[in-house]
Amino acid sequence: MNQITALDKTVQTNKTKISARNVNVHYGDSHAIKDVNVEIEDNTVTAFIGPSGCGKSTFLRCLNRMNDTIDICRVTGDIQIDGENIYDPRVDPVQLRAKVGMVFQKPNPFPKSIYDNVAYGPRIHGLAANKAELDEIVEKSLRRGAIWEEVKDRLDAPGTGLSGGQQQRLCIARAVATEPEVLLMDEPCSALDPIATAQIEELIDELRNSYSVVIVTHSMQQAARVSQKTAFFHLGNLVEFGATGQIFTNPEDPRTESYITGRIG
Amino acid sequence: MVEQHIASAFDRDLEAIQAQIMKMGGLVEAAIMDAARALETRDEELAQQVRKQDAAIDGLEELINEEAARVIALRAPAAVDLRLILSVMKISGNLERIGDYAKNIAKRTTVLAHGPSVEESAAALRRMAREVELMLKDGLDSYIQRDVELAQDVINRDRDVDQMYNALFRELLTFMMEDPRNITPCMHLHFIAKNTERMGDHVTSIAEQVVYLVTGEKPEEDRQKADTTSTVPQEG
């Protein structure tokens, strides 16, 4: 155990960023998330793993109230970010989503120029006072998305004209442009080739310095590669949550063991 | 371990690799016993056979390591599967070393067969080898049955082997002091005793791997050490 953690990069802070208590989610009659309690740390990549339909994406979507858009979905319990209940009626979901960015499975750039894709969020949130400031935000975000060098000479080109991996990095740049504190990623690499995947994974590791990153992935190898903490969901339950090194060498729960070793569980 | 992998070929790979370990274990057990018997009965032919057999043990180790590397590359094992592969690689290394020690004993037996015999020590060496062989048998059984209790028992028994070695060390020292003509055979016998004691250490390491494989953690207590010969003062 000691040796395993020694290999991980030092995590600067163990401060809790997101704290979820007794979270339950119902879709109509179906109970999708059952009493989940979890503390997600700042400056840490947390991976959610589990078989299809286990609730990991549903839970991820609770963290920026994306489930609000689904009529039959009911979320109960308490989710706090920096000690603030995000389901408080006074919280504006639009502001919340600026603070909690999200990247989806399929790259989904707006049918606009590369520049406008990134500038969209800062514009609607009024983060830039003038064009120079906006230019600066766009460049900074594209650099963070590790795509600046590839697109700096064609910022006016449509974002949809980029390759899949580039589009996904553009979406990450777009997500970080509003200076979020938490970045949620739902299967961000499943539509990408291995090289683009490696680039995104490298990027995730860098993003950890500035954000709390939560990633849902079906690739257990990816969870093992990029995360420091891993949560295993099964049938709506959070079965096990712990250090990634521990989960992949010596999980406590037999269900986790069955899942990560590829046994029927 | 009751559950099967969804990919059944993975199960077959792991079973095959463990079967190789057991085969290797059987050869090594035989090598220990044959080496001890050859020493006691001054049987040069049997000693020669032990030396030849070691090639098969070495070959199996190589095969197991290749298989383990293949499983790691193709299956990316995790959790208990990962621990199984890691333990298999270490255990095959331990068995290979034990085989080498048996071979070395056989080599020295060839030399000893032409000199004067040191009866008392030969019998003590036979008992020590017998104990190590039993420890190995139990160690391998604990591995196949995933029996932590038995593995812990094997770990504890290394103390007895160490004590047998201490006694032999002193005995051989006495013989050498009594008559300088004893020095050559007693030096060989001492190396044989030391080799057997080292075999015990490797068996202990195998048993520790069993504990790690099953529990995911190294055995808690420090290994019991009773080999005190490195601190025996010089006598003038």
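1. Let's start inside chain A. Helix 3 (93-99), helix 5 (131-144), helix 6 (148-151) and helix 7 (164-176) of chain A are among what covers the buried residues of helix 4 of chain A. Those buried residues of helix 4 (residues 114-124) are A:I114, A:N117, A:V118, A:A119, A:G121 and A:P122. Buried here means that 20 or more other C-beta atoms, placed from the backbone, lie within 10 Å of the residue's own; exposed means 12 or fewer, and partly exposed is in between. Helices (H or I, at least four residues) and strands (E, at least two) are DSSP runs, numbered from the N terminus. After helix 4 of chain A comes A:G126, with a positive phi near 60°.

2. A word on what you're looking at. This is a predicted model, where local features need pLDDT of at least 70 and side-chain atom pairs count only at pLDDT 80 or more, while totals for chains, interfaces and linings use all residues. Residues are numbered from 1 along each chain as its sequence is written, and chains are lettered from A and ligands numbered from 1 in the order in which they are written.

3. Now chain A as a whole. It has 11 helices and 10 strands. Its radius of gyration is 18 Å, close to the 18 Å that the globule rule gives for 265 residues, so chain A is as compact as a globular protein of that length. (The radius is taken over C-alpha atoms, and the rule is 2.2 Å times the number of residues to the power 0.38.) Along the principal axes, the C-alpha atoms of chain A fill a box of roughly 55 × 45 × 30 Å. Of the 265 residues, 44% count as buried. Take the contacts in chain A between residues at least 6 apart in sequence: 69% join residues at least 24 apart. Two residues are in contact if their C-beta atoms, placed from the backbone, lie within 7 Å.

4. One spot worth a look is A:P188, in the loop between strand 7 (182-186) and helix 8 (194-207) of chain A. A:P188 is buried, with 30 other C-beta atoms within 10 Å. Leaving aside neighbours within four places in sequence, A:P188 is in contact with A:V103, A:Q168, A:I200 and A:I215. From A:P188 to A:G165 is 23 residues in sequence and 9.8 Å in space, C-alpha to C-alpha.

5. On to where the chains meet: 13 residues of chain A are in contact with 14 residues of chain B. On the chain A side, helix 9 (220-226), helix 10 (244-249) and helix 11 (254-260) each supply at least two residues. Helix 11 of chain A gives the largest share, three residues.

6. Last, the helices of chain B. Helix 1 (residues 8-41) and helix 3 (residues 79-112) of chain B pack at an angle of about 20°, their axes 9 Å apart. Axes are lines fitted to C-alpha atoms, for helices over the stretch in contact, and angles run from 0 to 180 degrees between N-to-C directions. That makes helix 1 of chain B roughly parallel to helix 3 of chain B. Helix 1 and helix 4 (residues 119-145) of chain B pack at about 170°, with axes 9 Å apart, which makes helix 1 of chain B roughly antiparallel to helix 4 of chain B. Angles under 35 degrees count as roughly parallel, over 145 as roughly antiparallel, 65 to 115 as roughly perpendicular and the rest as oblique.
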